[in-house]
Amino acid sequence: MQKKEKQWAKWHAVGIRQAEREKGKASFPELFFDLVFAFALLQLSHTLSSDFTSATAGEALILILAVWWVWINTTWVTNLLDTERDPVRHMLFALMFAGILMAIALPEAFGAHALVFAAIYAVTQVGRSAFTAYAFRNTDQQSAKTFCRITAWTILAGILWVAGGVMNFEWRLLFWTLAIALEYAVPLVGYWVPLLGRAPKETLAISGEHMAERCALFVIICLGETILTTGRNAVEHMGTDLTVVVFCSAFLSTVAMWWIYFHHGQEKAAEKAETTSTPEKVAHDLFTYGHLPIVSGIILTAVGEDFSLSDTEARGGFSHMAAIIGGPVLFLIGNIWLKVSAGSRFPTSHLVGIAILAVTGIASSLLANYALNVAATAALLVTAVWEYRGHRR
């Protein structure tokens, strides 16, 4: 009997992160959790490269938004809870298993596996939020109420996800668009719900240092996925001099993206997050929303590199151009947002890179995929060197 009581007491004290713990360091359970999303990103890029048209662009956007929303919201929770406590670890392991099932369902998320994908996504979002509300119930009533509000919204969004999963394609696209739009909008209105109202500002004791490190690690995962995808495709299509050129170009573009993000942007974001008096607002601006175009741009760039390796000399394809050029453009736009929000000077170098990419896109009908890829890499390298020299001066 005493053993059972002790076990219950252990679960009863779920584990709020203690102030004296190292706030900025990602824990091993969190890094273990990230492995699932490395697989999910591989599934996403493979799905997009196998069927990327203007018709599937909307589907791709919803899937990217969903994967990012699961990851970033889990990061908020692990920022607040002590991942060294068993209940929190068990919660993360459950989310990992759900994430693997979601990743498996991704290629057919709008087809045969729609209901499976939607149900797992909804359970993941609701379960994590309810768990966190339970964790705060006896230690921080304001935070507990905030997560009760979040749970209420995730239940509503989950109903839309599941309902879309059982409908035909057109209604599914509509319901899932409404669901993901709802989830992205509610933080902007303070998770307002009837009776409880809005959540008070700066309720959650966010560690900006931890958020900055976790998002930086996720960017590394995305860049690593790009290298894995490029290497896999290079092995399959290696045999011509043009393939070698594209492979070298793709590697250089990944290095350039790493440099653009980590040389100055990530450092400024981390500094802003650590020193701000409004960590919750800054975390939303810099990380929840600010990193989304960066991550999306890297994923789309990986798809473009796949096209460049598999159809090296093809030309005139809008979908190919949209990925090869659109990925770096989206990445640079995200970095502009990140750096300006962090208080850095407006990065003129990024506008120069976007201008080069825009000109390349206009001339895309005259250029083969390998030339588009080389031009996109050149734009990223110009951006990186320009910004580096500007900071040196």
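The structure is a predicted model, in which local features need pLDDT of at least 70 and side-chain atom pairs count only at pLDDT 80 or more, while totals for chains, interfaces and linings use all residues. Residues are numbered from 1 along each chain as its sequence is written, and side-chain values use heavy atoms, with hydrogens and water left out.

## Overall fold

The chain has 14 helices and zero strands; here helices (H or I, at least four residues) and strands (E, at least two) are DSSP runs, numbered from the N terminus. The radius of gyration of the chain is 22 Å, close to the 21 Å that the globule rule gives for 393 residues, so the chain is as compact as a globular protein of that length. That radius is taken over C-alpha atoms, and the globule rule is 2.2 Å times the number of residues to the power 0.38. Along its principal axes, the C-alpha trace spans about 75 × 55 × 40 Å.

Of the 393 residues of the chain, 54% count as buried (buried is under 20% relative accessible area, exposed over 50% and partly exposed in between, with a 1.4 Å probe and protein chains only). Among contacts in the chain with a separation of 6 or more, 81% come from residues 24 or more positions apart; contact means heavy atoms within 4.5 Å.

## Cavities and pocket

Rolling a probe the size of a water molecule over the atoms shows where empty space is left. On a 1 Å grid over the protein atoms alone, a cavity is a set of points where a 1.4 Å probe fits but cannot get out, and a pocket is an open set with protein on both sides within 12 Å along at least five of seven lines; lining residues have an atom within 4 Å of a point. Grid points are joined across faces, edges and corners, and a volume is the space filled by probe spheres set on the points. In the lining classes, Ala, Val, Leu, Ile, Met, Phe, Trp, Tyr, Cys and Pro count as nonpolar, Asp, Glu, Lys and Arg as charged, and the others, Gly among them, as polar.

| Space | Volume | Lining by class |
|---|---|---|
| Largest pocket | about 370 Å³ | six nonpolar, three polar, six charged residues |
| Largest cavity | about 250 Å³ | 12 nonpolar, six polar, two charged residues |
| Second largest cavity | about 60 Å³ | nine nonpolar, one polar, no charged residues |

The structure holds four cavities of 30 Å³ or more. Of the 20 residues that line the largest cavity, Trp69, Asn73, Ser129, Ile150 and Tyr191 are the closest to its centre. At least two lining residues of the largest cavity come from each of helix 3 (54-80), helix 5 (114-136), helix 6 (141-165), helix 7 (169-185) and helix 10 (279-289). Helix 6 gives the most to this lining, with five residues.

The lining of the second largest cavity is made up of Val36, Phe37, Ala40, Val67, Val70, Gly99, Met102, Ala103, Leu106 and Phe117. Helix 2, helix 3 and helix 4 (86-105) are the elements that give two or more residues to it.

The largest pocket is lined by 15 residues, and Pro187, Lys201, Glu280, Lys281 and His284 lie nearest its centre.

## Individual residues

Phe32 is found in helix 2 (residues 28-50) and, at 42% relative accessibility, counts as partly exposed. Leaving aside neighbours within four places in sequence, Phe32 is in contact with Phe93 and Met96. The C-alpha atoms of Phe32 and Phe93 are separated by 8.9 Å, although these residues are 61 residues apart along the chain.

Most residues other than glycine have a negative phi, and most peptide bonds are trans. Tyr191, which is not a glycine, has a positive phi of about 55°, and Leu195, also not a glycine, has a positive phi of about 75°. Tyr191 sits in the loop between helix 7 and helix 8 (208-237), and Leu195 is found in the loop between helix 7 and helix 8. Tyr191 is buried, with a relative accessible area of 11%, whereas Leu195 is exposed, at 93%.

The structure holds zero disulfides, a disulfide being a pair of cysteine sulfur atoms within 2.5 Å. For Cys215, the closest cysteine sulfur is that of Cys222, 10 Å away and therefore too far for a bond. Cys215 counts as buried at 1% relative accessibility, and Cys148 counts as partly exposed at 39%.
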